[in-house]
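I opened the model to look up its fold, its sheet and its charged pairs. My entries are below, in the order I made them.

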Amino acid sequence: MSPDIFQGIIGHEAAKRILALAVERPHGAYLIVGPDGVGAHMLAERFVRALSDHEPSKPLTSHPDIAVLAREASTDEKAAKSVISVEAVRELRERVARRPVLASRVVIYAPEADRLNEAGVNALLKCMEEPGAGAVFVLVTHDESRLPATLKSRAARLNLSRVPSREIAEWLAVRGVKAADREQAVEIAEGRPGRALQWLAEPDVRAAVQSAAHLVERFLSSRSAGEAFAALEAEAKRCEASDDPLQAWRDSLGLWNSSLRHAF
């Protein structure tokens, strides 16, 4: 199949060639690894659609032969649960055991594979060990360290690196982004095209970046350890009060890391 299935996705030329060639005769499982915002999910979703011959305009879940393994809504329905439940994986096993309806295979897509808990990983391993005829698993992770070696060893691994700033700038220029905004977006992106788009389009993301920059400035200008920890207290309370404190801390640390690099 033509690499045109990945049209509009910048960077990752080797991965795109591998996946385009694999559409007709795919491996049993793929693990796509890359930082948040580099395009891992877009690449994976295009591959899933190509494997199932599913139209780009329709949701993935509307195809009877695509099973999406994702987190459920939490009890307050305001956010997703912090992990993918083992029950969801067990339901998946039942679907994989059945024959495909429209496509030539069943495709299982896990966009947040690193959100599987231990029981979920074990259940998924059993599913991968005894797949239905022609079943293909497509997993995406931003944090490979959270996946056990037993799971990683069963998948063909594709590592996505950050995209050169020059390519992101040219890509944004084609999209009509003004030069001043383009320069700032590229700086914030640090090699992640999706991050650049988020910063341009989402006020909450801009606010989070500015807040992190202010906090780092306060931290670096603190005259004592007490002042430094006081600067972190409000952020600590915000993270601990969130639906997923660990992920909130990870997100904040990522923003602080970026702000520190810019500061120096």
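The entries run from the whole chain to single pairs of residues.

**Ground rules**

I note that this is a predicted model, in which local features need pLDDT of at least 70 and side-chain atom pairs count only at pLDDT 80 or more, while totals for chains, interfaces and linings use all residues. Residues are numbered from 1 along each chain as its sequence is written, and side-chain values use heavy atoms, with hydrogens and water left out.

**Entry 1: the whole chain**

I looked up the elements and found 11 helices and 5 strands. I take helices (H or I, at least four residues) and strands (E, at least two) as DSSP runs, numbered from the N terminus.

I then checked the radius of gyration, which is taken over C-alpha atoms; the globule rule is 2.2 Å times the number of residues to the power 0.38. For 264 residues a compact globule would come near 18 Å, and the chain has 20 Å, which agrees. Along the principal axes, the C-alpha atoms fill a box of roughly 65 × 40 × 30 Å.

The accessible surface of the chain is about 14600 Å², and 51% of this belongs to carbon and sulfur atoms. Areas come from the Shrake-Rupley method with a 1.4 Å probe; for residues, only the protein chains shown count as cover. Buried residues make up 43% of the 264. Here buried means under 20% relative accessible area, exposed over 50%, and partly exposed in between (1.4 Å probe, protein chains only).

I also looked up contacts, meaning heavy atoms within 4.5 Å. Of the contacts with a separation of 6 or more, 68% are between residues 24 or more positions apart.

**Entry 2: the sheet**

In what order do the strands of the open sheet stand? I read β2-β3-β4-β1-β5, with parallel pairing. Strands count as paired if DSSP finds at least two bridges between them. β2 and β5 (156-159) are at the edges with a single partner strand each, so one side of each has no neighbour in the sheet. From one strand to the next the twist averages 15 degrees.

I followed β1 (residues 29-33) to β5, and the two pair in the parallel sense over 4 bridges. V33 stands opposite N159 in β5. β1 also pairs with β4 in the parallel sense, over 5 bridges, and the bridge partner of L31 in β4 is L139.

Is β1 enclosed or open? I find 5 of its 5 residues buried, so β1 is largely enclosed by the rest of the structure. Both of its faces are covered: A29, L31 and V33 are buried on one side, Y30 and I32 on the other.

Helix α2 (residues 40-52) lies across β1, β2, β3 and β4 and runs at about 170 degrees to β4. Axes are lines fitted to C-alpha atoms, for helices over the stretch in contact, and angles run from 0 to 180 degrees between N-to-C directions.

**Entry 3: salt bridges**

Side chains of opposite charge can pair when their charged atoms come close. I counted a salt bridge where a side-chain nitrogen of Lys or Arg is within 4 Å of a carboxyl oxygen of Asp or Glu. The structure holds 12 of them.

I looked up E112 and R71, whose closest N and O atoms are 2.9 Å apart. This pair links distant parts of the chain, 41 residues apart: E112 is in the loop between β3 (107-110) and α4 (118-129), and R71 in the loop between β2 (66-68) and α3 (86-97). E112 is partly exposed at 24%, and R71 is partly exposed at 22%.

D143 forms a salt bridge with R250, again with closest N and O atoms 2.9 Å apart. D143 is in the loop between β4 (136-141) and α5 (149-152) and R250 in helix α11 (residues 245-263), 107 residues apart. D143 is buried at 18%, whereas R250 is partly exposed at 36%.

K237 and E233 meet at 3.6 Å, N to O. They are 4 residues apart in helix α10 (residues 225-241), which means that about one helical turn separates them. K237 is exposed at 55%, and E233 is partly exposed at 43%.

I also noted a network of salt bridges that links E190, R192 and R261.

**Entry 4: P148**

P148 lies in the loop between β4 and α5 and is partly exposed at 28%. From P148 to V121 I read 27 residues in sequence and 8.1 Å in space, C-alpha to C-alpha.
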